[in-house]
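We'll go stop by stop, with something to pick at each one.

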Amino acid sequence: MDNSYSAVMSRKKDILKRATGIDYDKLEISPIAFDYEGLMNSCEYSWEDVQRILQETGVGNTPLVELKNLTELVRSISPPGKGARIFVKDEAANPSGSFKDRRAALSIFHAEKLGYKGVVAASSGNYGAAVASQAAKRALKAIILQEVYDSRKVGQPEILEKTRACEAYGAEVWQLTVGPELFYIMLRVLEETDFFSASLYVPTSLRGIETLGYELAQQTFQQEGRFPDMVVVTHAGGGNVTGTARGLKKAGSHDTVVVGVSVDLRGLHMASDLDFNRKSFPTGHTGFGIPFLKWPDRTDVPRNCARGLRYLDRYVLISQGEVFYTTELLAKLEGMERGPAGNTSLAGAISLARELDRDQILLVQETEYTAAGKLPSSQLTFAKENGIEVRRGNPKESVPGKTIVIPESVDQIEVEDFDIEKIRYSYIENAIKMTEGYVATREDILFLAEDSKTTFDYVRETVESLNIKTAN
Amino acid sequence: MTDSKRGDLVQIHKIILEPDQRPDNLPSRTKSVPYECWIKGFLINEGANVGDEVKIQTFIGRELSGILYQVSPIYDHNFGEPQKELLSIGNEVRKKLERT
């Protein structure tokens, strides 16, 4: 069998069909539109099934904690009457230490039900550990593929810790160097083993996160008598935002503002061997966040269930230093020691809470566990070893890949709004460019309006103006 | 007497793609280096030295081959050094809360 890069990539459709059990062709409506709800429902589990399956392996029903000291601190630097109550959903309480257990639980159950002997996941983060943990519970074998090392064989400490966790759960782990060929290796391993592809972007992965959004709404309602005004979610591939927003709606919370937060790593190239170890956050950052909003169908499967642009009301950025500072606040003021990457949304929340009224409720959607390799001290030691300057100062002076500036005081924590309307336009532009020569129908325009969270008229005008451009 | 014997926990190294086998649309530095990986398992060969071509049984019982890289590999990621840029934050914010 020809195992060269191009040969394997040319077989990807068949390999993935065997490895996911999903026939994506059946869901295509046109070159532009596909049946999204049909895809989300293709895994035939009812809402009650999903909740029961997660409960079986100890996933979910995590505590909702009000951060009273942090709220008080934020109020002390807010205008009078401002400073919403900040709550956090302690997802670190899940079996492998993050909300990713919700993404893995249903997928692994599904793999076992379909008769697969094992699962494969390409993940350098908590998702790999979640898959390995759930596979152990369901007696399936697990192979985890991780992008860990640069060409000097220097490993990002966060990811080295994930290797340890995956191996602790009994998985076979491939520690790879930098490169998008991670997808190629995944295809080869799937072909050799006939294992299930535990992709982050298939329905079983997304529907697990809906339980998180649902719990957020339910718990807040039970404890406080109303739904949260704002939920802040870390955004990378879009699954977190999508699942949380859908879950909120399922619980009846239709007015909650959903804000996505990414760590600002603009300027760093994600496939660069040189840039790889110049960042302190392997995920939850703009390197995934922006491209996945502009074009979600860039994943290991033909159509992505994670469609962040459909569900985001607002998109903001935060710097690495602000997240490290926030991690210190959570430990010292609230007695909760949690991993920095999982505090990206909390850092955003500290800034956003100042915009809201005192009696409003702002919910931070996650935390993650912490261990060697993950703490701010691990990451900052590593950053300094890799030539990054670390100092206290104004975080606005941070330059990703060059400096990490840790705020001097909490009032310097400030999100940067990313122009989401520009992203919505880019997405529509991409959809038209990708299908050059095809003329969008009314159904396509309706699909694009939903997918971009705009209107029929806006999409139609945009498509017309783009067609005029290309016709010239 | 070899570096490792049958059944020892070892780590192998594999070159998946040489630079000229990697796709073209990569940053130049990435394209100029091989795509490699490291995997752990239990040595199948009777005995082997670092640098030998060996077979291992992985943690899920699969047989893989590669070059013996390390015997009894340890996890050496750690908590790092104390960071002066972080150490005072806790007391700073406590003082601020006490004042309000």
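How many bridges join strand S5 (residues 172-177) of chain A to S3(B), and do they run parallel or antiparallel? Select both: three bridges join S5 of chain A to S3(B), and the two strands run antiparallel. Within that pairing, Gln175(A) stands opposite Trp38(B) in S3(B). Strands pair if DSSP finds at least two bridges between them; helices (H or I, at least four residues) and strands (E, at least two) are DSSP runs, numbered from the N terminus.

Some housekeeping before we move on: this is a predicted model, in which local features need pLDDT of at least 70 and side-chain atom pairs count only at pLDDT 80 or more, while totals for chains, interfaces and linings use all residues. Residues are numbered from 1 along each chain as its sequence is written, and chains are lettered from A and ligands numbered from 1 in the order in which they are written.

**The rest of the interface**

Now colour the two chains separately. Here 36 residues of chain B are in contact (C-beta atoms, placed from the backbone, within 7 Å) with 52 residues of chain A. On the chain B side, pick strand S2 (9-17), helix H1 (28-31), strand S3 (35-43), helix H2 (84-87) and helix H3 (89-99), the elements that give two or more residues to the side touching chain A. The largest share, six residues, comes from S3(B). Sorted by class, that side has 19 nonpolar, nine polar and eight charged residues. For these classes, Ala, Val, Leu, Ile, Met, Phe, Trp, Tyr, Cys and Pro count as nonpolar, Asp, Glu, Lys and Arg as charged, and the others, Gly among them, as polar.

**The sheet in chain A**

Next, show the strands of chain A in the order S1-S2-S10-S7-S8-S9-S13: that's an open sheet of seven strands with mixed pairing. Strand S1 (64-66) and strand S13 (416-417) of chain A are at the edges with a single partner strand each, so one side of each has no neighbour in the sheet. Zoom in on strand S7 (residues 230-234) and strand S10 (residues 361-364) of chain A, which run parallel and are joined by three bridges. Val232(A) has Val364(A) in S10(A) as its bridge partner.

**A helix pair**

To see the contact, show residues including Leu206(A) and Ile209(A) in H10(A), and Gly243(A) and Leu248(A) in H11(A). This contact has eight nonpolar, nine polar and three charged residues.

**Last stop: two domains**

Finally, colour chain A by domain: domain 1 (53-97 + 204-417) and domain 2 (422-471), with bounds from an automatic or database domain assignment. Their centres, taken over C-alpha atoms, are separated by 31 Å. Six residues of domain 1 of chain A are in contact with nine residues of domain 2 of chain A. On the domain 1 side, select helix H12 (286-294) and helix H13 (308-311) of chain A, which each give two or more residues.

Methods: Two residues are in contact if their C-beta atoms, placed from the backbone, lie within 7 Å.
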